[in-house]
Amino acid sequence: MKRLIIVCEGATEQEFCQTVLAPYFYRKDVLVEAPTIKHSCGGIVAWGTLKKQLIQHLNESDVIVTLLIDFYRIKDSFRFPGWMEAKTIELYQAKMDFLFQQMSQDIQESLRSRFIPYIQLHEFEGLLFSDISAFKNNFRKGECDFDAIETAIKDFSTPEEINNGPNTAPSVRLKNAIQGYNKEIYGSLLADDIGLMTIRKRCPLFNQWIERLESVLINAY
């Protein structure tokens, strides 16, 4: 069975990988492992630190390595490859493609073909806006402000574009809209209810990531 390691920013992304992505890839004869970032208390770290972990995994034999981290959480001081240059790129697709290319180029050539760079725009929680009926399936009216959820997605072309301001980021919107919101529990619950295929249809950047993983894994070792 082929191996795919997805280095996760924290417990929310890890639960999503184990609950939603692992079963999907298992049916394709791929075993998913989802470790969280080392030297972190559940969050992103500087590129130099993250790169060391990625290389450690890549040095294992017969494994494809990728990552699931939030664009919103990356600071200038973390020195991700091409980060400052990417700020001048307005179109989000071009911006993310540039960042992925720069991340890939920063990995030594002998390992590069087995590394699939990825950053979720703007947050993992944006994916949960792919189908608002999932909120109505899991919460009663008194538990969730459905109008706030609907308003959030109406303002953007895709869930991935829900913005990254400190008061308007997807996770902040969910916390404000859902009584007692627990991101680790509700994140995977909602994503599982929505379904991977729906998320892929609504979130083009995320879908491209899955497609690239599938393509590389099919041709891997």
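Colleague: Which strand is Leu31 found in?
Modeller: Leu31 sits in strand 2, residues 30-33; strands here are DSSP E runs of at least two residues, helices H or I runs of at least four, numbered from the N terminus. This is a predicted model, where local features need pLDDT of at least 70, side-chain atom pairs count only at pLDDT 80 or more, and totals for chains, interfaces and linings use all residues. Residues are numbered from 1 along each chain as its sequence is written, and side-chain values use heavy atoms, leaving out hydrogens and water.
Colleague: OK, salt bridges. How many in the whole structure?
Modeller: Nine, each a side-chain nitrogen of Lys or Arg within 4 Å of a carboxyl oxygen of Asp or Glu.
Colleague: What does Arg3 pair with?
Modeller: Glu33, with the closest N and O atoms 2.8 Å apart. That pair links distant parts of the chain, Arg3 in strand 1 (residues 2-8) and Glu33 in strand 2, 30 residues apart. Arg3 and Glu33 also join Glu60 in a salt-bridge network.
Colleague: And Glu214, what's its partner?
Modeller: Arg200, at 3.6 Å between the closest N and O atoms. Glu214 is in helix 11 (residues 204-219) and Arg200 in helix 10 (residues 196-202), so the pair ties together parts 14 residues apart in sequence.
Colleague: Are those two buried or exposed?
Modeller: Both Glu214 and Arg200 are buried. Buried means under 20% relative accessible area, exposed over 50%, and partly exposed in between, with a 1.4 Å probe and protein chains only.
Colleague: How does Glu33 come out, then?
Modeller: Partly exposed, because its relative accessible area is 28%.
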